[in-house]
Amino acid sequence: MKQLVLRYLKPYYGRMGVGFLIKFLGTIMDLCIPYILAYIIDTVIPAKNRTAVMTWGLLMIGCSLLAVTFNIVANRMASKVAGDATEEIRHDLFYRILHLSNGQTDSFTKPSLISRMTSDTYNVHQMLGRIQRLGVRAPILLIGGVFVTFTLDPYMACVLLATLPLLGFITISVSKRSIPMYGELQEANDRFVRMVREDIAGIRVIKALSKTDFETDKFQTINKEVVERERKNGMVMAVINPSMNILLNLGLVGVIIVGAYRVNAGTSEVGKILAFTTYFTIILNAMLSISKMFTVLSKAIASGDRIWQVLECGEDMQVIEEDCADMGADMEEICFDHVTFSYLKGGEPVIKDLDFHIKKGETLGIIGEIGSGKSTIVNLLMRMYDVDQGCVRIAGRDVRSYQPDALKAKFGVVFQNDTIFEDSIAGNVTLGREMSEEQIQEALLYARASEFVENRAGKEAEALNIKGANLSGGQKQRVLIARAMASRPEILILDDSSSALDYRTDAQLRKGIKEHFPDTTLVIIAQRVSSIRNADHILVLEDGIPIGYGTHEELMESCSVYSEISKTQTGQ
């Protein structure tokens with residue numbers, strides 16, 4: 001938390017210094033008002049000098065106006081600093097999240113990252129604003145109030161001062177306990193966000209299967225956990241305010257009793273007692289403000305630590321040095337050299353001793369049952385994860401030797417569960433890349449998407465709903481395929497991207513890719529044999545182990561699993 005604040009507040013030190021000075025002056029004006037009032041009651045009024053009363057009264061009004069003006073200006077400056085600093089924190093956090101490796105994303109979990117981007121940054125924003133507004137004012141009112149009371153009457157001030165160590169002890173003790181509790185609360189919120197995110201995304205399935213009651217019960221469980229943690233945190237923090245009120249009010253009673261005795265004895269004056277009670281109220285409000293700051297600070301420390309974990313998360317996929325000499329035109333475009341990989345360190349391998357080679361312009365088809373490791377091959381090829389054993393090469397180079405942007409630029413990919421963004425069709429095709437209208441139309445044409453795009457009212461400029469809810473499954477897949485082909489990639493990956501297409505459109509799509517992208521290496525992951533039967537190479541996976549590799553004809557003879565799949569689907 002300390003590093004986070006120091007890093008993002010450093011550019012605003014000058015502005016904060018000016019704000020603190022203005023806030024300091026406004027606070028001093030507040031402290032002067034009771035002192036002037038005591039002077040008027042004890043000195044000016046007994047002298048029966050009306051002019052002096054008016055003069056000192058106008059001075060009190062002036063102090064009040066200056067206090068209000070200075071505090072408003074300082075608060076506006078504090079809000080601006082807090083907003084600007086939080087904006088930068090959110091920007092850097094979002095940037096870092098986008099650059100996390102898949103392994104790091106899995107470790108943090110997506111709901112946790114969402115929570116850190118939203119509620120955690122909000123807590124930090126609240127703390128930055130509150131500290132600037134009250135972090136100067138409350139301590140000055142507290143310390144200044146105590147100092148002024150000593151100048152008025154040291155004996156009564158000692159009664160008041162005796163309560164402050166107890167108040168400090170209570171505040172610090174409660175804060176030490178509350179900080180870890182707020183961290184646990186945020187973790188519970190992560191689980192809450194994950195469930196809400198999953199249920200809203202799958203709401204149609206839940207309704208279709210009549211599982212609304214089942215999901216409601218699950219939601220109630222996690223909701224109760226969050227509420228229980230919030231309740232415990234609230235109970236702990238609720239100790240501060242009543243404790244302060246009791247101790248300070250007891251101190252006030254003591255001050256009044258001591259003051260009454262001293263007035264009777266002629267060693268003090270009524271104005272000082274009145275000023276004392278005013279300063280006592282000021283000190284009480286200052287202590288309450290400090291206690292609220294500790295509450296906000298406790299939340300912010302827990303949230304700041306969570307944000308800092310992401311910001312300072314180092315790169316876990318370093319670029320390695322490798323000889324990048326040209327290996328000639330006949331070099332293998334894709335090479336998996338005895339690759340073994342597990343998503344969990346030391347866990348059961350998802351891919352085991354996978355070895356194959358594909359030349360530039362060839363087509364590789366991958367087929368296998370669900371969970372056999374087909375999509376994992378794509379993740380390793382694009383270096384979403386690093387292999388445990390073996391090596392993955394593209395154009396003769398280890399994928400670990402490429403700069404990330406240079407490696408990703410080689411690919412056009414449609415993932416198994418890809419995303420349509422809330423943008424136009426053209427915007428979903430370009431995805432922020434500089435492309436001409438001709439390139440967009442060409443990509444839509446080759447992806448067999450131009451037909452349905454031309455039939456829509458706004459054509460490619462029409463805005464799509466989130467996740468393409470206003471498109472059919474086949475239309476979404478064709479838009480995604482157009483996005484992948486728009487940049488004419490060196491390697492085109494289609495991960496189960498034709499499952500919603502009819503056989504005719506699927507065949508036309510593959511034929512068009514071969515005609516218009518002859519130099520593009522194509523990787524097709526499919527459940528249908530018809531989608532890959534014409535591929536130059538077909539890889540058959542079972543539990544992460546390659547059990548067949550060759551052409552369709554070769555596998556029909558040599559691989560019983562592939563032969564059985566083909567006969568089941570085609571009857572041949």
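Contact here means that heavy atoms lie within 4.5 Å of each other. With that in hand, let's walk through this structure together. It is a predicted model, in which local features need pLDDT of at least 70 and side-chain atom pairs count only at pLDDT 80 or more, while totals for chains, interfaces and linings use all residues. Residues are numbered from 1 along each chain as its sequence is written, and side-chain values use heavy atoms, with hydrogens and water left out.

Let's begin with threonine 376. Setting aside its neighbours within four places in sequence, threonine 376 is in contact with Phe341, Tyr343, Val350 and Ile351. Threonine 376 belongs to helix H13, residues 374–381. Helices (H or I, at least four residues) and strands (E, at least two) are DSSP runs, numbered from the N terminus. Is threonine 376 buried or exposed? Its relative accessibility is 4%, so threonine 376 counts as buried. The cut-offs are these: buried means under 20% relative accessible area, exposed means over 50%, and partly exposed is in between (1.4 Å probe, protein chains only).

Now step back and look at the whole chain. Its secondary structure comes to 21 helices and 10 strands. Along its principal axes, the C-alpha trace spans about 115 × 55 × 45 Å. The chain has a radius of gyration of 35 Å, whereas a compact globule of 572 residues would have one near 25 Å. That radius is taken over C-alpha atoms, and the globule rule is 2.2 Å times the number of residues to the power 0.38. Of the 572 residues, 46% count as buried. Among contacts between residues at least 6 apart in sequence, 76% join residues at least 24 apart.

Next, find helix H12, residues 270–311, and helix H3, residues 50–98. Two packed helices are described by the angle between their axes and the distance between the axes. H3 and H12 pack at an angle of about 45°, with their axes 9 Å apart. This makes H3 oblique to H12. Axes are lines fitted to C-alpha atoms, for helices over the stretch in contact, and angles run from 0 to 180 degrees between N-to-C directions. Angles under 35 degrees count as roughly parallel, over 145 as roughly antiparallel, 65 to 115 as roughly perpendicular, and the rest as oblique.

The crossing of H3 and H12 is left-handed. A crossing gets that name if the near helix is turned anticlockwise from the far one by less than a right angle, and is right-handed if clockwise. Which residues in H3 meet Ile307, Val310 and Leu311 in H12? They are Ile89, Asp92, Leu93, Arg96 and Ile97. By class, this contact of H3 with H12 has six nonpolar, no polar and two charged residues. Ala, Val, Leu, Ile, Met, Phe, Trp, Tyr, Cys and Pro count as nonpolar, Asp, Glu, Lys and Arg as charged, and the others, Gly among them, as polar.

H12 also packs with helix H5, residues 110–134: their axes come within 8 Å and cross at roughly 140°. H5 and H12 are therefore oblique to each other, and H5 passes H12 in a left-handed crossing. The contact of H5 with H12 divides into 11 nonpolar, nine polar and six charged residues.

Two residues let you see this pairing up close. In H12, valine 296 counts as buried at 15% relative accessibility. Not counting residues up to four places away in sequence, valine 296 touches Gln126, Met127 and Arg130. In H5, methionine 127 is buried too, with a relative accessible area of 6%. Methionine 127 and lysine 299 are 172 residues apart in sequence, yet 8.4 Å apart in space, C-alpha to C-alpha.

Finally, let's look at backbone angles. Most residues other than glycine have a negative phi. Histidine 338, in strand S1 (residues 332–341), has a positive phi near 50°. Histidine 338 is partly exposed, with a relative accessible area of 42%. Alanine 395 has a positive phi as well, near 55°. Alanine 395 sits in the loop between strand S4 (389–394) and strand S5 (397–398), and counts as buried at 16% relative accessibility.
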